[in-house]
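Subject: Structure handover

Hello,

Here is the structure I promised you. Please open it alongside this email, then read on for what turned up.

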Amino acid sequence: MTTVPARILVADDDTTVRLLMQATLVKAGFQVCLASDGEEALRVFGEQSPDMVLLDVEMPGRNGFDVCVELRRDVGGEFPIVMVTGMDDMKSIQRAFDAGATDFLAKPLNWNLVGPRVMYLWRGYQTRIQLHRANQRNTAVLSAIPDLMFRVDGDGAVLEVHAGQSATAATALRPGVVLERSFPPEVAAAYWVAMEKSRAEGSVQQIEYAVGTDDGTRHCETRIVALDGRETLCLVRDITERKDSERALRESAARLRQAQQVANIGSWYLDLATDRLDWSAETYRIFGIAEGSPVSYPVFLGYVHPEDRDAVQKAWQTALAGTDNYRIEHRIMVGDEVRWVLEHAEFEHDDNGRPKRAVGTVQDLTARKLQELETLAAKTQLQATLDAIPDLLFEVDHESRYVAYHCRDEALLAVAPERFLGRTIAEVLPPEVVRTTMAALREANATGYSSGQEIRLELPGGPRWFELSVSRKPGVDAERPHFIFLSRDVTERKEAAERIFRLAFFDPLTGLANRQSLMQRLDREIKRARLGGDKLGVLLLDLDGFKNINDTLGPGAGDRLLQGTADRLREGVRPADVVARQGSKVAVEPEIELARSGGDEFIILIPHMAHVEDAVPVADRILELMRQPFQLVQQDVVLTACIGIAVYPDDGKDAETLVKHADTAMHHAKDKGHDTCEFYSDNLTQKAMRRLSLGSSLHRALERDEFSLVYQPQVDVRTGRVSSVEALLRWNRFGQGLISPMEFIPLAEETGLILPIGEWVLRAACTQAAQWRARGHSLRVAVNLSPVQFRDPRLFDRVTRSLSEAGLAPEHLELEVTEGALMDDNPETVRALHALRETGLQFSLDDFGTGYSSMSYLKRLPLSNLKVDRAFVKGLPADSDSHAIVRAILALAHHLGFSTTAEGIETLDQAMLLKQLNCDVLQGFYFAKPMPAEEVDAVLRQRWDLEAPVGGVEGGPKHAL
């Protein structure tokens, strides 16, 4: 191999010296480049990169010292720079070394010695470079050795310690510490013996010992070699794992020997010439035959499982023919027990190659077979589990380039392998996925591991979510690391989380937000409205008559009705809707949110309102949409709704208060009728609080005996006398006085308390009527029947029991029902009414003409009397419309065979006109106000003259005793 000569830069301003120096160095085998001053020396150095520099001290411009300083700064401390100087004082020499010179040559120069001297300097430089490289190699070698090395002197003091990465017994070794302080006494003594023997024999000694560490007992093997008469080098290797393996091997060998003793292997011998078969005792035990019993091949076949017998015979015949060995697993029958055995045989042949003897073994494999079946099941289950894990593995290099992959299902790959192997992450994945993936890679590079990052990929089979775990691959160049990506398909988990989120925050029936979700949104919107200074509307919608639809058409129809309502609400608050205000149009914000609060209640949230009235067009639009028929069970169903409106900050400053006040306003709208909306006001809360208080007291009113009955007389037009009374319920609330029936009876109906209260009214009225009849008064008592009682399946039993307990004949009781109650067309209820009518009990239709009047009800239900509502009587006799309505009602009733009663009679003219129109019974303040039972006796003795007013005065009744 040709060696390139070293190149030397010579810088001197003396031309003669330069040329002589060039000639001398070339003769010595060097290449030479020249410079006449300091600036040129620096330029040439940069262009030709010489291996050594000779600098004259005295040069024009930049002298040798300055050039030396600059070169040393650029090339480092080892590069050879020689100063050529005529100065022989020590100060100049010291200055040269301070400037960074490697050596100096003194003028005048001895040209015969210059070449050898420079060669000597060059070889010294080469030696230093080689030594430096050798040191680097030695350091690298030492770093690669995982063992502990230390050097001790003749006194046993540690001089130097090198602890490898896997050295575990070096914790006590420190330079300057003697062996006795670094190891237990017996270990230190073993070291001394080995070191002395190594020095004496010049050989490598080896010792083994155990030391205690924080991780437990560690076993060490030390090789000891004497370096010289005083120093010794010790190499310590941790052999704990080897010792553990040796111990495990010894234990395994012992277990194997024990297993061979209890392996249950029997033997047998067969003489093919004589068919004599001999079994060992273990073979007899395996087959369950008494030891010593005669056996033969046919006896053996008799124990073979019938399903395996042909296979055994075929294997035996094949072995006899010499085409294969006799080795077979099969089952045998030992009584009712099935056992697995392994049979194996070796044949001895005669000179002609025919088998003459066979020696075999039989081993009971039953336990192993059962274990194999269990293992197979476990392996099958494990393999199924592994096959079900869709994790992907990728290896990428330091440039994020894919170098390898592992995938059980290539449908989970974003692209085909040939399209991503050798490419970078940025070249394969979408930009948003690249950002997340590279962030995980950078974290793994910094800390060694990254997990928890999630990415979403659009795959041919649809979008999939993956969770990334990234680790830096060990054992590679730290400057060029590789990374392992584990990509786990978590799509189902994400979808489950989404389903849980929707279950937590959305109504599964309508798809609208649920109450919890809306309350969170409402809290956020309140904060936004507070900062923006605008208003926020909360509308609470409740369907009118939904329960009746649900009860009559079924819950399935009710669900479809709620879904249809949600669809209409979405339509009613879509962004295209506008709120009209003072001639202008302001677009409703698309952030309007809907929620199903529960049951048939819905909440509409309207943010960014400038005025309270901005909520009205939305409410009107919703009410208009709700009036349109719903198609349910192949018929049109018309349904209306009521809406309560509360506005932030006027009606409340937090979410709970706003929703509560919207609910209060909605109930107020319900009280006023159907198909309407109401804004919240403070008096509604007061009313609601009173309603709540009444509801609480109403539960205890029966226990406290706070109810009583008053009776209003009903006058027979023909006789002018009282023929019947209407029982009216009164509640004298403890500490509060009388509560209006208009206030507490609807509350009792809503809470279901009307059933026990109504039953008490029936019993009390029947008991009082029986007492009047016992005193000779032939009175019929009328009792109002609530729509809730009307729908009660136990109505017949409650009425008949009340009559029976009071001892009152059914014909002396009349039940009054309203037209609203007749809306319930339940066949069971109709049958109960007919059954009661057949007992003689009378039914009267109250408030006729004010509700859902229908000729079909009048013809189908067992009614006997129609009551004309006071609303029509009030305008008589002056109001012609009322006159015409009353005339028509009375004519209709008489045509259908009903008797009639007119309510609200307050003047004699009204009474006289109704008598002329053939009304049968009159009731009102003109005759008597409702009174306690003890005052009725006095009224029963009166008779009213309905022929003409007395003196033209209508201030009181005209009657005769």
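Start with a loop. Pro649 sits in the loop between strand E29 (641-648) and helix H21 (655-672). The peptide bond joining Tyr648 to Pro649 is cis, with omega about 0 degrees. Helices (H or I, at least four residues) and strands (E, at least two) are DSSP runs, numbered from the N terminus.

Before you go further, note that this is a predicted model: local features need pLDDT of at least 70, side-chain atom pairs count only at pLDDT 80 or more, and totals for chains, interfaces and linings use all residues. Residues are numbered from 1 along each chain as its sequence is written, and side-chain values use heavy atoms, with hydrogens and water left out.

Backbone

Another cis peptide bond joins Leu876 and Pro877, again with omega about 0 degrees. Pro877 is in the loop between helix H29 (870-873) and helix H30 (880-895).

Look at positive phi values too. Asp275 has phi near 60 degrees, and it is not a glycine. Its loop runs between strand E11 (265-271) and strand E12 (276-279). Asp275 is exposed, at 56% relative accessible area. (Buried means under 20% relative accessible area, exposed over 50%, and partly exposed in between, using a 1.4 Å probe and protein chains only.) Asn918 also has a positive phi without being glycine, near 70 degrees. Find Asn918 in the loop between helix H31 (908-916) and strand E39 (921-922).

Helix H24 (residues 754-774) has 21 residues. From first C-alpha to last, H24 reaches 30 Å, close to the 30 Å expected at 1.5 Å a residue. (The expected span is 1.5 Å times one less than the number of residues.) Gly776 follows H24, and its phi is positive, near 95 degrees.

Salt bridges

How many salt bridges does a search of the whole structure find? The count is 48. A salt bridge here is a side-chain nitrogen of Lys or Arg within 4 Å of a carboxyl oxygen of Asp or Glu. Side chains of opposite charge can pair when their charged atoms come close.

- Arg43 and Glu47: the closest N and O atoms are 3.4 Å apart. Both belong to helix H2 (residues 38-48), four residues apart, so about one helical turn separates them. Arg43 is partly exposed at 43%, and Glu47 is exposed at 53%.
- Arg242 and Glu208: the closest N and O atoms are 3.3 Å apart. Arg242 lies in helix H8 (residues 240-261) and Glu208 in strand E8 (residues 205-213), so this pair ties together parts that are 34 residues apart in sequence. Arg242 is partly exposed at 35%, and Glu208 is partly exposed at 41%.
- Arg357 and Glu348: the closest N and O atoms are 2.4 Å apart. Arg357 is partly exposed at 23%, and Glu348 is partly exposed at 35%.

There is also a network. Salt bridges with shared partners join Glu208, Glu221, Arg242, Lys243 and Glu246.

Cysteines

A disulfide is a covalent bond between the sulfur atoms of two cysteines. The rule used here asks for a pair of cysteine sulfur atoms within 2.5 Å. By that rule the count is zero. Cys677 is in no disulfide, and its nearest cysteine sulfur, in Cys642, is 9.0 Å away. Cys677 is buried, at 19% relative accessible area. Cys33 is buried as well, at 5%.

Second largest pocket

This pocket holds about 310 Å³ of space. Its lining has 22 residues, and the closest to the centre are Ser723, Ser724, Arg780, Glu814 and Val921. The lining divides into two nonpolar, eleven polar and nine charged residues. (Ala, Val, Leu, Ile, Met, Phe, Trp, Tyr, Cys and Pro count as nonpolar, Asp, Glu, Lys and Arg as charged, and the others, Gly among them, as polar.) Several strands supply at least two lining residues each, including E31 (707-716), E32 (722-733) and E35 (813-818).

On terms: with a 1 Å grid over the protein atoms alone, a pocket is an open set of points where a 1.4 Å probe fits, with protein on both sides within 12 Å along at least five of seven lines. Lining residues have an atom within 4 Å of a point. Grid points are joined across faces, edges and corners, and the volume is the space filled by probe spheres set on the points.

Best wishes
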